[in-house]
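Please look over the sequence and the structure shown below.

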Amino acid sequence: MKRVDIFDLSADIFLYPDENWFKKLELLNGLVGNKITIPSQTLDEAREIYINYFEHNSSKFGIVPVASYWIDGRMMSNTSVEVKNFYESCGFENQDLGPPDYISKMLSFCAILLENGKTSEFAKFKEWLYWLDDFSKALEKSVPIKCFAEISQICYLLIRENEV
């Protein structure tokens with residue numbers, strides 16, 4: 001259950017910060033043994049940083065939170081289509097208008113697969129998540145809120161679990 005909760009909370013944290021964003025960070029931090037730096041910024045400042053780095057300037061900073069950018073070098077490419085098709089093959093309908101391979105959607109789908117005992121599907125799906133390692137390193141260099149890089153790295157390590 002712990003991995004499910006970590007993926008689920010991480011998915012929420014990579015969305016635009018809502019009123020419960022800091023509470024979710026605290027919950028996640030407790031689950032991962034206090035390995036996440038809780039931002040000193042206010043919620044409004046966190047929102048401003050989120051918009052500046054993830055919505056308006058992600059390509060400028062090299063931190064696009066979309067798998068196809070990291071795997072294919074551009075958004076909405078083959079990886080996007082493959083991820084969308086995989087969702088559908090698992091009976092998951094992506095009704096959101098954004099990219100199907102956006103980090104939040106992918107982490108949420110990991111939680112759904114694990115919660116429903118679909119470990120073989122998870123094993124296949126996580127192949128599209130190895131970019132999280134490079135993503136976390138890029139975040140570490142660029143984004144003033146360090147928790148994004150830390151969470152990305154934690155999720156990367158979780159998908160690597162049992163691969164040694």
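In helix α9 (residues 132-142), the residues L132, D133, F135, S136, A138 and L139 are buried. Here a helix is a DSSP run of H or I with at least four residues, a strand is a run of E with at least two, and both are numbered from the N terminus. Buried stands for a relative accessible area under 20%, exposed for over 50%, and partly exposed for values in between, computed with a 1.4 Å probe on protein chains only. The buried residues of α9 pack against α3, α5, α7 and α10, where contact means heavy atoms within 4.5 Å. An α-helix has 3.6 residues a turn, so residues three or four places apart point the same way.

Two remarks on the model belong here. It is a predicted model, in which local features need pLDDT of at least 70 and side-chain atom pairs count only at pLDDT 80 or more, while totals for chains, interfaces and linings use all residues. Residues are numbered from 1 along each chain as its sequence is written, and side-chain values use heavy atoms, with hydrogens and water left out.

The next subject is the packing of helices in pairs. Two packed helices are described by the angle between their axes and the distance between the axes. Axes are lines fitted to C-alpha atoms, for helices over the stretch in contact, and the angles between N-to-C directions run from 0 to 180 degrees.

At what angle do α2 and α10 pack? The angle between α2 and helix α10 (residues 147-160) is about 45°, and their axes lie 13 Å apart. That makes α2 oblique to α10; angles under 35 degrees count as roughly parallel, over 145 as roughly antiparallel, 65 to 115 as roughly perpendicular, and the rest as oblique. On the α2 side, W21, L25 and L28 take part, and they meet C147, F148 and I151 in α10. By class, this contact has six nonpolar, no polar and no charged residues. In this division Ala, Val, Leu, Ile, Met, Phe, Trp, Tyr, Cys and Pro count as nonpolar, Asp, Glu, Lys and Arg as charged, and the others, Gly among them, as polar.

A second pair is formed by helix α6 (residues 78-89) and helix α7 (residues 103-115), which pack at an angle of about 30° with their axes 12 Å apart. These two helices are therefore roughly parallel to each other. In this pair too, the crossing is left-handed. V83, F86 and Y87 in α6 meet K105, M106 and F109 in α7. The residues of this contact divide into five nonpolar, no polar and one charged.

C147 leads on to the cysteines. How many disulfides does the structure hold? There are zero, a disulfide being a pair of cysteine sulfur atoms within 2.5 Å. For C147, the nearest cysteine sulfur is that of C155, 12 Å away. The sulfur of C155 has its closest cysteine sulfur in C110, at 7.8 Å, which is too far for a bond. C147 counts as buried because its relative accessibility is 0%, and C155 is buried with a relative accessible area of 0%.

The loops come next. D18 lies in the loop between α1 (2-13) and α2, and at 30% relative accessibility it counts as partly exposed. Leaving out residues up to four places away in sequence, D18 touches K24, L43 and R47. D18 and A46 are 28 residues apart in sequence, and their C-alpha atoms are 9.8 Å apart in space.

N34 is in the loop between α2 (21-31) and α3 (43-56). Its phi is positive, about 60°, although N34 is not a glycine. N34 is exposed, since its relative accessible area is 60%. M76, in the loop between α5 (67-72) and α6, has a phi near 55°, a positive value in a residue other than glycine. At 52% relative accessibility, M76 counts as exposed.

Key. A crossing is left-handed if the near helix is turned anticlockwise from the far one by less than a right angle, and right-handed if clockwise.
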